[in-house]
Amino acid sequence: MKKDEKAVQKFQIEIVETLSNIVEVVAEDKQDALIKAQEMYRNEEVVLYPDDFIDTKFNIVG
């Protein structure tokens, strides 16, 4: 290998997109509100769409 050549390597890059949406939940306390919001999300009562996009991060894995 010549002095100015660099070895080529493979890298794994994780791409993480963050979506965010604020929903209102009626509950007795914060923990109950979190549980209700999680259930709503699992039951697809709350769906995040491309318009809810807020960020993209690129992380080297390993």
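## Terms and model

A residue is called exposed when its relative accessible area is over 50%, buried when that area is under 20%, and partly exposed in between. The model described here is predicted.

## Overall layout

The protein chain contains one helix and two strands. Read from the N terminus, these elements follow the order β-α-β. Strand 1 covers residues 12-19 and helix 1 covers residues 30-42, while strand 2 covers residues 53-61.

The radius of gyration of the protein chain is 21 Å, whereas a compact globule of 62 residues would have a value near 11 Å. The C-alpha trace spans about 70 × 25 × 15 Å along its principal axes. Of the 62 residues, 3% count as buried. The chain exposes about 6,300 Å², and 52% of this area comes from carbon and sulfur atoms. Among contacts between residues at least 6 apart in sequence, 76% join residues at least 24 apart.

## The loop between strand 1 and helix 1

I22 belongs to the loop that links strand 1 to helix 1. Its relative accessible area is 80%, so I22 is exposed. I22 and A37 are 15 residues apart along the chain, and their C-alpha atoms are separated by 10.0 Å.

E28 is also placed in the loop between strand 1 and helix 1. E28 counts as exposed because its relative accessibility is 78%. E28 and Q12 are 16 residues apart along the chain, and 44 Å separates their C-alpha atoms.

## Helix 1 and the salt bridge

The structure holds one salt bridge. This salt bridge joins the side chains of K36 and D32, with an N to O distance of 3.9 Å. Both K36 and D32 are in helix 1, and they are four residues apart, which is about one turn of the helix.

Are these two residues buried, exposed or partly exposed? K36 has a relative accessible area of 33%, so K36 is partly exposed. D32 has a relative accessible area of 23%, so D32 is partly exposed as well.

## The loop between helix 1 and strand 2

E44 sits in the loop between helix 1 and strand 2. At 62% relative accessibility, which is over the 50% cut-off, E44 is therefore exposed. Most residues other than glycine have a negative phi. The phi of E44 is positive, near 60 degrees, and E44 is not a glycine.

D52 is also found in the loop between helix 1 and strand 2. D52 is buried but has no salt bridge. The nearest side chain of opposite charge belongs to K57, 18 Å away. Which residues does D52 contact, leaving aside its neighbours within four places in sequence? The contacts of D52 are with T18, L19, S20, N21 and V47.

## The nonpolar patch

I60 counts as exposed because its relative accessibility is 62%.

Note on methods. Residues numbered from 1 in each chain as written. Heavy atoms only, no water. Buried < 20%, exposed > 50% of the residue type's maximum accessible area, 1.4 Å probe, protein only. Rg over C-alpha atoms; globule rule 2.2 N^0.38 Å. Contact = heavy atoms within 4.5 Å. Areas by Shrake-Rupley, 256 points an atom, 1.4 Å probe, with all protein chains shown as cover. Lys, Arg positive; Asp, Glu negative; His and termini not counted. Salt bridge = Lys/Arg side-chain N within 4 Å of Asp/Glu carboxyl O.
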